[in-house]
Amino acid sequence: MIILKTKRYLSSITTCNPIILSFLCALVFFNKPVHAQESHNNSRTNIDSVFTELKVQLDKAEYNENRQAIINSHIKLGNFYERLGIENEAIKHYHNALEQHNQADTTAVYIGNKMSSIYLSLKQYKNATTYLTKSLAIAEQINFKKGTAICYGLLGSVAEKESNYELALKNQEESLAIFKTLSDSTGLAITYENIGSIYEDLEQYDPALNYFLKAKTYSKSIPSYIKINILNNIGDAHRKMMKPKEALPYSVLALQKSRAAKNTHQQASALKDLALIYADLDDYNTAFNYMLKYKELNEKQIESQNTELVSSLQILYEVEEREAQVKLLNTQHEVDTIRQNIILLSCTFLMLLLLGWFLYFRKRKKQQSKIQHYKNELLQANLDKKTQEEATLQREIDIKISALTNYSLHLSHKNKMISDISRTLTNIKDRNTVLIKSKLEALIKEINLDLSQEQEWTEFISYFEQINPHFFQRLKNAVTKELTPSELRLCMLLKLNLSSKDIASILRITPDSVRIARYRVRKKLPIDSKEDLQTFLLDL
């Protein structure tokens, strides 16, 4: 009943479209095939043995620290996981191999191309392009032409998946040109087929078919799975060009060869193409039968892949679990050993620390006693030295003050004596003759001139500054109004603790003039009314 309804529906469709495939699949209702337990067990045993052998090789290489063997083992494990469809584990091992391999050679190109192929299948085009770019640079650097051609081919496939068909064709043409120089039949066949696929995506079926036929010319010297792909593509191109009769022989031949090669994936592809071809030929019964076979084979293939994948994952889990247990035991043993060593070292260190502290404290006590004794002696010596220095300085100050005072008194006496002489001569100048008068006048003039000279005051100030080096600066900072030279001399004489009488004699003024001068100086200084001017200057 289902078949009759299918025939009636298919007879109303003049041209085949993608809906036919999904429709035919939806009409197929049957039970899934029973698991072949024995086949599953054999497959699991085979995978287990291969995986175990590869792990043993890797462990041995790591134990012997054989870098090349480690790289080869990681590559083999990567290939093993890639075949099983466990892409993340495959990438991990390829990446480990690439980290160990730090040379720019064909191996680096091979690993990079394998990783990019996996990323391409996972639709991670950015990662695929990154590794392909690195591999291409290395291949061109070492002039590895075949590796360069493969890189360009894969870059073309990435561009095709990203719908960048112009770049895809450019890269595939680069790959094709290199394979031609190498006369590489397999490379040429694959590249021609890739270019045909690009034109097929662009729905340009004539050039696509042309490239598929060029690929077929190398069928004598290429692997069987490539031949089958090419036959399938030729048949599919004819079908899409609405030439189902021309497509039929190629799809039938592809089915025969895929059965002979026991390639279930290509068998399924051929069966699907035949179902679509017979649908285009309006032979819906045959189309439905082929679709049933395709569905059955596809489910068997998926079941087989899932079974193999589950077995692989289970083996991987068991191995990793065992490795984790071994690592855990080793870690616990290392922790116990470290803990014992730490305890032993801590006890030893504590004992040494106590012993060292005791010896250090004992030695330090002796040293401190000696140091204190030396310090006391040094302090006593410094004290004696300072006492002597202070006594010497005091003697020098006393001598200078005494000399300055004597100089001041001498200056006062000198000025008094000269003044007396000047007065006497003045009094007698009118009692003598004209000649005596002129000579006396010249003598008086010379004496007065000598009294007015500043040389002695300059010398006097120099002595004063040696005893009181910062007096004038402090006085300048203290006054509220600038002092005259005569007022500065008065302050200087007051600082020497001289009497008003002596000051009057030195300055050749009267004591009343000294009192007035003191009053004027007092007004220019910040002195309290009760404070004595001379006391202020002595403390300054």
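Leaving aside its neighbours within four places in sequence, which residues is serine 197 in contact with? They are Glu160 and Phe212, where contact means heavy atoms within 4.5 Å. Serine 197 sits in helix H10. Helices here are DSSP runs (H or I, at least four residues), as are strands (E, at least two), numbered from the N terminus. Serine 197 is buried, with a relative accessible area of 18%. Buried means under 20% relative accessible area, exposed over 50%, and partly exposed in between (1.4 Å probe, protein chains only). Leucine 209 is 12 residues from serine 197 along the chain, and their C-alpha atoms are separated by 9.1 Å.

The model is predicted: local features need pLDDT of at least 70, side-chain atom pairs count only at pLDDT 80 or more, and totals for chains, interfaces and linings use all residues. Residues are numbered from 1 along each chain as its sequence is written, and side-chain values use heavy atoms, with hydrogens and water left out.

Now the overall picture. The protein has 22 helices and zero strands. It has 540 residues, of which 35% count as buried. Take the contacts with a separation of 6 or more: residues 24 or more positions apart account for 59% of them. The accessible surface comes to about 33,700 Å², computed by the Shrake-Rupley method with a 1.4 Å probe; for residues, only the protein chains shown count as cover. Carbon and sulfur atoms hold 55% of that surface.

Next, the nonpolar interior. A nonpolar core is a set of buried Ala, Val, Leu, Ile, Met, Phe, Trp, Tyr and Cys residues joined through side-chain atoms within 4.5 Å. The largest such core has 58 residues. Phe80, Tyr81, Tyr94, Met115 and Ile230 touch the most other members. Beyond its neighbours within four places in sequence, phenylalanine 80 is in contact with Ile47, Val50, Phe51 and Leu54. A second, separate core of 26 residues includes Phe464, Phe471, Ile506 and Val521.

Arginine 508 follows H20, and its phi is positive, near 60°.

Glutamine 534 belongs to helix H22 (residues 533-539). It counts as buried, at 12% relative accessibility. A polar atom of its side chain lies 3.1 Å from the backbone oxygen of leucine 494. Not counting residues up to four places away in sequence, glutamine 534 touches Leu494, Asn497, Leu498 and Arg518.

Charge pairing comes next. Side chains of opposite charge can pair when their charged atoms come close. A salt bridge is a side-chain nitrogen of Lys or Arg within 4 Å of a carboxyl oxygen of Asp or Glu. How many salt bridges does the structure hold? There are 11.

One of them joins aspartate 184 to lysine 146, with the closest N and O atoms 3.6 Å apart. Aspartate 184 lies in the loop between helix H9 (165-182) and helix H10 (185-201), and lysine 146 lies in helix H8 (residues 145-161), so the pair ties together parts that are 38 residues apart in sequence. Aspartate 184 is buried, at 14%. Lysine 146 is partly exposed, at 42%.

Helix H10 also takes part in another pairing. Glutamate 200 and lysine 240 meet in a salt bridge of 2.9 Å, N to O. Glutamate 200 is in helix H10 and lysine 240 in helix H12 (residues 224-240), so this pair ties together parts 40 residues apart in sequence. Glutamate 200 counts as buried, at 10% relative accessibility. Lysine 240 is partly exposed, at 29%.

Lysine 240 has a further partner, aspartate 236, at 3.2 Å, N to O. The two are four residues apart in helix H12, so about one helical turn separates them. Aspartate 236 is buried, with a relative accessible area of 12%. A network of salt bridges links Glu200, Asp236, Arg239 and Lys240.

Finally, the surface. Leu355, Trp357, Phe358, Leu359 and Phe361 form a nonpolar patch, with about 570 Å² of accessible area together. Patches are made of residues with over 30% relative accessible area and no salt bridge; like charges are joined within 9 Å, and nonpolar side chains (Val, Leu, Ile, Met, Phe, Trp, Tyr) within 5 Å. Leucine 355 is found in helix H15 (residues 284-428). It is partly exposed, with a relative accessible area of 47%.

Definitions and conventions:
Polar contact = N/O pair within 3.5 Å; in protein donor to acceptor, adjacent residues only side chain to side chain.
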